[in-house]
Structures are given as C-alpha cells and as structure tokens.
Amino acid sequence: MRKQDRQCLDPAFFDEVFSTADDLCLAMCDGEFPYVIPLNFVRQGDCIYIHCALEGHKLDCIRRNPHVAFTLAADVRIHREKSTTYYKSVCGTGRASIVEDPAEKGRALDALAMRYAAQCPTPTPDAALARTGVVRIDIVELVGKRKLPK
C-alpha cells in the first residue's frame, strides 16, 4: 500500500467495517475479464456468506475457479470543498464454495435475515432452503484502509 499511514490491520477495524457496510462487491474469475457484482452478505468468523439462486453465472464462475476477491466500504463521505473522500474500507481474498449442508445453509440464511432485518421467517423453512443457494467464502487475506477527517 502506497500510503502506509492509511493501512489498518486491526481485527476490530475489520469487524467495524463488516458490520456497518451495506454491501460487498465480489470479484470472480470469468475467463479474460473479471466478473464483479454487489451483494448482500454476512460475516461469520473467518467466513462470508451470500445467498443466490440455485443456478446462474456467479455459481458457474465459482465452480470453474473458487478464488475470489472482495471489497466493502463504510462511512463514505465526499468532501467536495477539499476534493477528497473520507472512508473506511476492507479488501480481501478468499476461496468460495457452494454450501450443500442444509444446517449450514439455514444458519447462513438466518444470519443474513438478522443482519438486514428481513421480515422472513426464521429459522428458515425447509422449502426456502431447497430453493435458495448459499455460497461460503473462506477468507484468506484482509487489508483495511481508512481516510478520516483530521
């Protein structure tokens, strides 16, 4: 990182950004060009969970190559008069896998529902488990960065 004073490797900083960011952008390998999409997510320890359909481009990419990258940002504020942006962000890499275990899927979907205050039933009904895909990203590396007002 060019500006070392902005780097943050403190686990408490990671926890703060993961708990306050609204979405996560996930980058997957898709041949010549990356495929990047914003997603709802929940972090549970050293794993990130996302929900999805049971088929589609995202899952095809993960099946071909499970190596992913992601980024998320919180407290983003543009200061136009100073031509700068204040933020807290996390970038990371991981290995994605499609969750098959119904118990793990249920825990992930319940955690997602709680994180976003969704008005869906919890615990997740079996019928919803059967029609919903869940991807787990095992975090390999995290790097934080921040620029705060002085």
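Predicted model: local features only at pLDDT ≥ 70, side-chain atom pairs only at ≥ 80, totals over all residues.
I took helices (H or I, at least four residues) and strands (E, at least two) as DSSP runs numbered from the N terminus, and I took the expected span of a helix as 1.5 Å times one less than its number of residues. Residue numbers start from 1 along each chain as its sequence is written, and side-chain values rest on heavy atoms, with hydrogens and water left out.

**Helix 3**

I looked up helix 3 (residues 102-115), which has 14 residues and reaches 20 Å from its first C-alpha to its last, close to the 20 Å expected at 1.5 Å a residue. Counting a residue as buried under 20% relative accessible area, exposed over 50% and partly exposed in between (1.4 Å probe, protein chains only), I noted Glu104, Lys105, Gly106, Ala108, Leu109, Ala111, Leu112 and Ala113 as buried in this helix. With contact meaning heavy atoms within 4.5 Å, I found that the cover over these buried residues includes strand 4 (42-44), strand 5 (47-52), helix 4 (126-131) and strand 8 (133-147). Ala117 follows helix 3 and has a positive phi, near 50°.

**Thr124**

I next looked at Thr124, which lies in the loop between helix 3 and helix 4. Its relative accessibility is 14%, so Thr124 counts as buried. Leaving aside residues up to four places away in sequence, I found Thr124 touching Gly106, Leu109, Asp110 and Leu129.

**Strand pairing**

I called two strands paired if DSSP finds at least two bridges between them. Strand 2 (residues 24-30) runs antiparallel to strand 6 (residues 67-79), joined by four bridges, and I noted Phe70 in strand 6 as the bridge partner of Leu26. Strand 6 also pairs with strand 7 (residues 84-98), in the antiparallel sense over 11 bridges; Thr71 has Cys91 as its partner in strand 7, and His79 has Thr84. These two strands form a hairpin with four residues between them, and Ser83 in the turn has a positive phi of about 50°. Strand 7 in turn runs antiparallel to strand 8 over 12 bridges, where I found Cys91 opposite Val143.

**Cysteines**

I searched the whole structure for disulfides (cysteine sulfur atoms within 2.5 Å of each other), and the search gave zero. Cys47 has as its nearest cysteine sulfur that of Cys52, 16 Å away, and for Cys120 the nearest is again that of Cys52, 15 Å away. Cys47 counts as buried because its relative accessibility is 15%, whereas Cys120, at 39%, counts as partly exposed.

**Aromatic pairs**

I paired rings of Phe, Tyr and Trp (its six-membered ring) if their centres lie within 6.5 Å, with planes under 30 degrees apart counted as stacked, over 60 as edge-to-face and the rest as tilted. The count came to three aromatic pairs. Phe18 and Phe41 form an edge-to-face pair, 6.1 Å centre to centre with 70° between the planes. This pair links distant parts of the chain, 23 residues apart, with Phe18 in helix 1 (residues 11-20) and Phe41 in the loop between strand 3 (33-39) and strand 4.
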